[in-house]
Amino acid sequence: MAVRLGDIAPDFEADTTDGKVNFHDWKKDSWAVLFSHPKDVTPVCTTELGYTAKLKSEFDKRNVKVIGLSVDSVESHVKWEKDIEETQGQAVNFPMIGDPERSVATLYDMIHPNANDTMTVRSVFIVDPNNKVRLTITYPASTGRNFDEILRVIDSLQLTDKHKVATPVNWKHGDDVIIVPAVSNDDAKALFPGGWDEKKPYLRLVKQPK
Ligand code: BEZ
């Protein structure tokens, strides 16, 4: 069964490069990014893991824990991580799940047999502090993901949760945001005392709340 937006992220216990992890206990009240890569000791994956590790302070700022996965073993991950540090100039600083039995990969539908029946696709799940799945994306093996985009989505989700705003096309941190349609103009006056720019009754732009 596919894991969909709004679902409770399925819990699991798994071996990782940081020891045994129970997913819900490990993430506790944080946000989490759970992502899979197709295979250890491969070029695109090497760049993705190095870059994601470089973003640690950005994830920390947003109260986000990161955990990776492939169907290789923890021993394989540990050996490969030396190459990642050497070639990307950054040690991997988050746990990597070893899933040779494919238990987690199956639980999260990370193997798409018509693409490849032995490797996980490039899945990303963003999970909120209540363990709800808030984003899913799937990329093919040959395309490295944009982890700055993952941070951008987390910023958007956190703004939505806190301030009842949505973010427009290509929004980036600091740009104007949109008052969600569920907020009436009367309620918006209290929430956004500085006012807003009403392009249409359903399109109300406001400065990004702090
Ligand atoms: C890579 O990470 O480079 C890769 C992995 C599996 C298939 C194709 C590319």
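I count a polar contact as a pair of N or O atoms within 3.5 Å; within protein, one must be able to donate a hydrogen and the other to accept it, and residues adjacent in sequence count only if both atoms are side-chain atoms. I am working on a predicted model, where local features need pLDDT of at least 70 and side-chain atom pairs count only at pLDDT 80 or more, while totals for chains, interfaces and linings use all residues. Residues are numbered from 1 along each chain as its sequence is written, and side-chain values use heavy atoms, with hydrogens and water left out.

**Ligand.** A ligand oxygen is 2.7 Å from a polar backbone atom of Val 44. For the side chain of Thr 42, I find an N or O atom 3.0 Å from a ligand oxygen; for that of Arg 122, the value is 3.1 Å.

**Helix α2.** Helices (H or I, at least four residues) and strands (E, at least two) are DSSP runs, numbered from the N terminus. I find α2 at residues 43–54. Its buried residues (under 20% relative accessible area, 1.4 Å probe, protein chains only) include Cys 45, Leu 49 and Ala 53.

**Sheet.** Which order do the seven strands take? I read β2-β1-β5-β4-β3-β6-β7, an open sheet with mixed pairing, where strands pair if DSSP finds at least two bridges between them. The edge strands are β2 and β7. Six bridges join β6 to β7, which run antiparallel, and Phe 125 has Thr 136 of β7 as its bridge partner.

Methods: Expected span 1.5 Å × (residues − 1). Buried < 20%, exposed > 50% of the residue type's maximum accessible area, 1.4 Å probe, protein only.
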